[in-house]
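Dear colleague,

I am passing a structure on to you, and below it you will find some notes on what turned up in it. Please read them alongside the sequence.

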Amino acid sequence: VDYIFCAHGNGIDMQARLTRGSGEAVWRYMPLVVSKNVRDWLRGAIIGGKASDATLRLRGDLWNFPFRDGKDGLFEVRGKFQEAKLRYAAAWPEINDISGELLFSGQRMLITGKSGQSFGVKLRDVRAEIADLEQADELLMVSGKAAGPTADFLRFIEASPVGERIDHFTEDMRAEGNGELDLKLNLPLRRLSSAKIDGGFRFDGNRLVVDADLPPLTEVRGALRFSGDHLDARGIRGNLLGMPLTVDIRTTEGNVQVNASGEASIATLRQQFPHPIFDHLSGGAKWTGTVR
């Protein structure tokens with residue numbers, strides 16, 4: 001560690017540089033004026049890993065610390081970390097092998113992750129931010145994007161609080177193909193049970209088994225939106241038994257409702273369901289259905 005320290009009048013002018021350290025020790029470098037909730041979160045959030053190229057810049061009258069918006073002084077802690085785990089909330093799947101940068105500037109904290117993974121899903125553009133460290137109820141905002149196998153995303157949803165809140169609607173689903181996830185979380189550090197979730201998942205050309213007793217859906221294309229207490233999808237398209245169908249999904253009062261419509265071929269139905277009635281039918285028909 002290299003230090004340059006000067007004191008003059010009521011002010012301070014300090015610089016420090018850390019060339020090598022442990023990622024999980026970052027919390028120790030936070031000034032005590034940063035709330036205990038934030039320091040405790042940092043202590044539990046960054047696990048293992050290596051810290052490098054960390055710098056501290058502190059200048060101004062400490063009476064005005066942390067120098068909001070750069071007024072009357074400067075407070076900045078900046079550093080890189082690699083190969084760490086980010087456990088942003090206890091109930092959520094942690095992000096493994098994350099590399100990124102930590103920034104404290106004035107009243108703001110920002111963690112940016114350039115790369116990482118969770119359940120094998122490759123993550124990018126991960127951000128964990130507290131816009132105002134001095135507010136009474138510190139709000140942590142986490143966001144990220146990912147692309148990878150749909151099966152891994154289903155595992156992610158099931159392992160997260162979303163799985164319980166949607167009554168494990170996706171637990172028995174099986175999928176082949178890839179998709180993209182966009183996730184945003186608002187986590188009050190003193191009231192994590194009040195977390196707000198906003199997510200979207202887009203899949204293109206997937207094969208999806210909703211239930212083992214039903215034929216698989218193929219060439220599934222569309223987007224699924226979810227929050228802490230509901231699922232929503234409009235106009236998901238795919239094929240059922242080789243014929244096109246459209247599906248809408250929504251949650252109402254704790255129930256998941258699926259509205260579907262499509263076309264059916266008697267020849268295909270005969271192959272899937274060997275029922276004698278199909279021996280007396282031919283052609284095809286349009287159908288609609290609702291499942292709760």
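In these notes, buried means under 20% relative accessible area, exposed means over 50%, and partly exposed means in between, with a 1.4 Å probe and protein chains only. This is a predicted model, in which local features need pLDDT of at least 70 and side-chain atom pairs count only at pLDDT 80 or more, while totals for chains, interfaces and linings use all residues. Residues are numbered from 1 along each chain as its sequence is written, and side-chain values use heavy atoms, with hydrogens and water left out.

Asp97 counts as partly exposed because its relative accessibility is 45%. Asp97 is placed in strand β6, residues 95-105, where strands (E, at least two residues) are DSSP runs numbered from the N terminus. Although Asp97 is not a glycine, its phi is positive, near 50 degrees.

Asp125 belongs to strand β8, residues 121-130, and has a positive phi of about 55 degrees, again in a residue that is not a glycine. With a relative accessibility of 45%, Asp125 counts as partly exposed.

Turning to the aromatic rings, those of Phe, Tyr and Trp (its six-membered ring) pair if their centres lie within 6.5 Å, and planes under 30 degrees apart count as stacked, over 60 as edge-to-face and the rest as tilted. By this rule there are two aromatic pairs. The ring centres of Phe201 and Phe203 are 5.6 Å apart and their planes stand at 40 degrees, so this pair is tilted. Both Phe201 and Phe203 are buried, and together with Phe153 they form one aromatic cluster.

How values were computed: Helices (H or I, at least four residues) and strands (E, at least two) are DSSP runs, numbered from the N terminus.
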